[in-house]
Amino acid sequence: MKPSTIKSRPLYGTLAPVPQATQHIAIVEGEGALALADAFAGHEALRRTIILFSPIAHRADHDQTAVLTSLSCEALHLASNVQELLGTLVTILSTATMGTRLYVSGSEDFIGRVTSEALRQGIEMDAIQTEHRGAPTRRVQCVHCKGFIDGVSASPALCPHCGLHLLVRDHYSRRLGAFMGVSIDAESPGDLPPPEAFGA
Amino acid sequence: MTLSFHAETFRDDYTFANSPAAIRAFPFPFDRDAYMYTVNIEQHVPGPVQSATEFPIHIDEHYVAEMRDRAITLAEDPLRCQSLPHMMTAEWDLLELLMTSMATHYPAHFTLSRDGDRWHWINRPMDVDQTFTFGDVSTLPQGPMEYVTRQCQGDFCLLDQREDNLWMDAGMVTSQADWSLDFDLGMNFMEWHAPVPLAHDLGVFERALKFLLNLQHGCPVRRLNWTMTINPRLDTSPENYHRWGIDKASVTPENVGDKVHLRVELQALWRLPRSNAIVFSIRGYLIKMDELVTQKKWARRFHRVLASLPQPIADYKGLGRFRDTTVAWLSRHDDGLPTSPGFAPD
Ligand code: HEM
């Protein structure tokens, strides 16, 4: 499936430290660690940078942990999963000041979850940079039961909360950090096309 | 004007129907035999007597039944009515706009008396008698937007204006053509319009937004939009699509006249005085094909519009399963004669 250019879906860029920022908070997952290293290695901004890292289980992410450790930043928090990482982020943001910049990198669903949490904590969109690294998985909200599904790699996808088969639309909500999932066989029950994987 | 309100339903047994007067007042949206997206915005000035645009806010014979249907939808899904915290001033602006307009133009049904901030609102059809303090939320049973839009026909969005854009930061949306307020809440003009085909490339949204950013208080504007709905169902939301989607598969050559409805949205936009927000009202009208073809011109014209509709627009509106059947049915009501210019029936 080709990546879409729909206007509600965010465009991801390449991380670059903002020199004027008083505090940098980098929130990365899996291969996102490498995007951070590419942007920050040897940069003086590291002295004012807090890194939150969530390795992806069952992958060889210890190398990425080593890469982050070698950056010698102000503080490095390792989280065992995204939920825990978001908890740490909320605590840190509760004392954040105007000059704070956020840098988010990892899979698209990771970027969506972190961005939507940061917006909820009052961070402005233009204080957040994003770079997509890793699998082209999506975070989806089932429009019927409102449940969220992380790490969706193809459409249609089964909603684990209500059991409907969902067409994953390209329409994206930053507030929710998710694509819309809507019943694919409502007009013709049981008529399911084979799942098609998302492109990068 | 005194209206008599129908006891009718928009779900289950679907008893909704239009009187001959309501058919004549129907805001038929086509002024030519073909349709394409354009920046179709005009001043919201009073139209002919007994038309949908006679008054700024149009109340008709379906009022009480529509409000009852809204209450059912809200009870099942409270997220159809949402407002971000910074929209409270705009909510009061909306309450003022709707109450003053309804009381001015339908005095037999609604009365508003004001004594400074002490307001007294009487809604006879819904048996409401409410005294409250304008600006004090604690004096109303719900927030001002929810309170007044539970008593006014049409869906409503409140748009905050900042960063040269409009933001959908509040709304009451229970009778939508397949879009979700809960999903679109907080989006800007380009983001919530993202799923629409063709119009972005035609520059329609860029020009429309530019126009709206300069909308002035006291100079409301309007436009028409349309789609088609199977059965007279108001709640065609994505949330419940797994319930109503199947109806599209139920259309046969025998039941087109009764089941297939043209659904028109009379959309109006007002700049609000205190908040500088914009109200976007989406006043929906339904008409079944049997009713539509009582007006010869509309029958001919809608047949031609539907037959020639560009495929991306038909797909976006979700007409795939019943378009051909409906075109075939309508062809029996099209004698091939020319249609006169303009929207009105002959
Ligand atoms: C500022 C107030 C407005 C709001 C809140 C609004 C909202 C919406 C929404 C929610 C949709 C459905 C999108 C979807 O599929 O998810 C839509 C569709 C659309 N809007 Fe707007 N809109 C506004 C103003 C306008 C204006 C001024 C134009 C003028 C050209 C316009 C043109 C359209 C068109 C062409 C569609 C596609 C409709 C169809 O084919 O059924 N909108 N709008």
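Where in chain B is B:His193 found? B:His193 sits in the loop that runs between helix H6 (189-192) and helix H7 (204-213) of chain B, where helices (H or I, at least four residues) and strands (E, at least two) are DSSP runs numbered from the N terminus. This is a predicted model, in which local features need pLDDT of at least 70 and side-chain atom pairs count only at pLDDT 80 or more, while totals for chains, interfaces and linings use all residues. Residues are numbered from 1 along each chain as its sequence is written, chains are lettered from A and ligands numbered from 1 in the order in which they are written, and side-chain values use heavy atoms, with hydrogens and water left out.

**View 1. The iron atom of the ligand and B:His193.** The iron atom has a single donor from the protein, the NE2 atom of B:His193, 2.0 Å away. Donors are N, O and S atoms within 2.8 Å of the metal (3.2 Å for Na, K and Ca), and water is not among the atoms, so sites may look incomplete.

View 2. An N or O atom in the side chain of B:His193 is 2.8 Å from a nitrogen atom of the ligand.

**View 3. The shell of residues around the ligand.** Of the 22 residues around the ligand, those that come nearest are B:Tyr37, B:Trp192, B:His193, B:Tyr316 and B:Lys317; a residue is near a molecule or strand if one of its heavy atoms lies within 4 Å of it. The largest share of this shell, four residues, comes from H7(B). By class, the shell has 17 nonpolar, three polar and two charged residues, with Ala, Val, Leu, Ile, Met, Phe, Trp, Tyr, Cys and Pro counted as nonpolar, Asp, Glu, Lys and Arg as charged, and the others, Gly among them, as polar.

**View 4. Where chain A meets chain B.** In this view, 24 residues of chain A are in contact (heavy atoms within 4.5 Å) with 22 residues of chain B. The two chains bury about 2100 Å² between them, 60% of it on carbon and sulfur atoms, buried area being the accessible area (1.4 Å probe) that two parts lose on being put together, summed over both. A:Lys7, A:Arg175 and A:Glu187 supply 33% of the area that chain A buries against chain B, more than any other three residues.

Definitions and conventions. Polar contact = N/O pair within 3.5 Å; in protein donor to acceptor, adjacent residues only side chain to side chain.
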